[in-house]
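Work through the exercises below with the sequence and the model open. Try each task before reading its solution.

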Amino acid sequence: MSGDTLDELETRKPQERERELMARLPGLIAQAQGAPGWARILQGVDAAAIDSRAALARLPVTRKADLKGLQHDLMPFGGLNSTPQSQLARVYMSPGPIFDPEGRSPDWWRFSRPMYAAGVRAGGLLQNCFSYHFTPAAFMVEAGAARIGCTVIPAGSGQTEMQVQAMAELKPDTYIGTPSFLKIIIEKAREMGADISSVKQAMMGAEALPESLRRWFAENGVPHVYQTYASADIGSIAYETRSNGVLNPGMVLDEDVILEIVRPGSGDPVAPGEVGEVVVTLFNPDYPLIRFATGDLSAILTDAPPSACGRTNTRIKGWMGRADQTTKVRAMFVHPSQVNEIAKRHPEIRKARLVISGKVASDVMTLHCEVDDPMDLRNAAAIVNSIRELTKLRGDVRFAECGSLPNDGKIIDDVRDYS
């Protein structure tokens with residue numbers, strides 16, 4: 001640990017990183033196939049042949065939304081764990097319930113990278129305000145702090161006055177938790193007349209961090225605010241960095257993650273820069289994840305200059321919303337996967353977006369399709385028939401020029417008047 005980066009992995013040449021990740025893929029697939037859940041999902045897959053992104057993209061997607069059903073069949077982790085429960089360090093429970101494991105290796109969640117990028121250093125003191133109750137976020141921070149060598153105040157969430165008192169008397173340099181809770185703490189400190197000015201940097205997660213709130217923190221004594229993107233099943237996915245005090249564009253990927261951006265409701269990778277669903281393949285000896293769809297929308301940054309911080313990994317735009325756009329039309333659920341299936345049936349459709357307009361009970365369903373020639377209507381009737389066959393609902397079709405539909409990851413856009 002020296003300078004701006006945690007280790008030399010973060011500054012590898014991109015081609016070297018890609019080559020090493022692809023070389024590790026066959027071993028990851030073989031390891032996963034030793035777990036009963038993955039053995040079922042990856043049945044018939046030749047692990048040795050999965051050594052490229054193209055080969056990886058042919059494997060099935062396992063969605064976060066599937067976990068509850070998988071875990072009901074094979075308790076407690078759906079048979080996706082390579083390490084038996086008896087050899088794990090912790091088991092967590094999220095609403096659902098969804099169960100997540102933690103192994104015994106140091107920094108199991110790989111949280112030292114985002115923490116180091118946020119300025120956490122050996123000998124520092126951080127106030128950990130993520131919850132220690134059933135969920136892993138606080139323990140992600142604990143493990144990252146242990147690797148870096150800083151000291152932790154295990155504050156958890158709630159008890160705002162005690163949070164202020166701890167900050168005022170112990171003087172931590174770093175806050176880690178949700179943005180909304182830090183705002184509450186700062187407002188409470190002002191009300192109490194307490195000095196918490198020692199906190200100059202904060203790493204935040206689990207909530208959106210709008211620019212207006214960043215500015216508010218800067219105006220209220222916390223100038224260096226970083227956002228991290230993580231989940232209870234994956235751990236660290238991506239995180240923000242700074243160079244010379246200036247926030248670098250996007251969020252840099254973790255070194256043990258292979259990221260794909262796919263069209264929501266499918267497993268098909270989108271073009272670089274296009275918004276889609278975040279799909280992660282994770283090298284984890286206890287809980288390998290293969291093409292795990294998070295349900296989050298993001299996009300790869302394609303026009304950002306090399307970061308001055310020295311990190312060379314791919315950058316994404318961060319969290320851009322949810323990919324699950326399932327909606328109900330005339331008492332029937334319509335899923336993004338159905339829209340994708342319609343597009344696959346008709347190769348002339350380059351991109352599709354189902355728009356639901358009108359008022360509830362008087363819905364109008366229109367499939368907007370990017371095609372090479374919007375004036376050629378010969379296939380319109382066939383597409384309308386596919387809409388009815390696959391959704392069991394009536395719908396119209398409208399052709400548009402390629403590149404004219406918004407790049408926001410939406411497959412279904414509900415613009416109905418609910419007033």
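**Exercise 1.** Decide whether K392 counts as buried or exposed.

Solution. Start with the scale: buried means under 20% relative accessible area, exposed over 50%, and partly exposed in between, with a 1.4 Å probe and protein chains only. K392 has 58% relative accessibility, so K392 counts as exposed. Next, find its place: K392 sits in the loop between α11 (380-391) and β21 (396-401). Helices (H or I, at least four residues) and strands (E, at least two) are DSSP runs, numbered from the N terminus. Finally, look at the backbone: K392 is not a glycine, yet its phi is positive, about 65°.

The model is predicted: local features need pLDDT of at least 70, side-chain atom pairs count only at pLDDT 80 or more, and totals for chains, interfaces and linings use all residues. Residues are numbered from 1 along each chain as its sequence is written, and side-chain values use heavy atoms, with hydrogens and water left out.

**Exercise 2.** State where A206 is found and what its phi is near.

Solution. A206 belongs to the loop between β7 (201-204) and α9 (211-219). Its phi is near 75°, a positive value in a residue other than glycine. With a relative accessible area of 74%, A206 is exposed.

**Exercise 3.** Describe the largest pocket by its volume and its lining.

Solution. First, the terms. On a 1 Å grid over the protein atoms alone, a pocket is an open set of points where a 1.4 Å probe fits, with protein on both sides within 12 Å along at least five of seven lines; lining residues have an atom within 4 Å of a point. Grid points are joined across faces, edges and corners, and a volume is the space filled by probe spheres set on the points.

The volume of the largest pocket is about 930 Å³. Its lining has 34 residues, and A206, E207, Y229, A230 and S231 lie nearest the centre. At least two lining residues come from each of β3 (98-102), α6 (137-148), β8 (224-231) and β15 (289-298). β8 gives the most, with five residues.

**Exercise 4.** Which residues does D296 touch, not counting residues up to four places away in sequence?

Solution. Locate D296 in strand β15. D296 is buried, with a relative accessible area of 10%. Contact means heavy atoms within 4.5 Å. By that rule, D296 touches Y229, G276, E277, V278, W319, G321, R322 and A323. The side chains of D296 and Y229 also make a polar contact at 2.7 Å. A polar contact is a pair of N or O atoms within 3.5 Å; within protein, one must be able to donate a hydrogen and the other to accept it, and residues adjacent in sequence count only if both atoms are side-chain atoms.

**Exercise 5.** Compare the reach of α6 with its expected span.

Solution. The expected span of a helix is 1.5 Å times one less than its number of residues. α6 has 12 residues, and 16 Å is expected; its first C-alpha to its last spans 17 Å, which is close. The buried residues of α6 include F139, M140 and V141. Just after α6, G149 takes a positive phi of about 100°.
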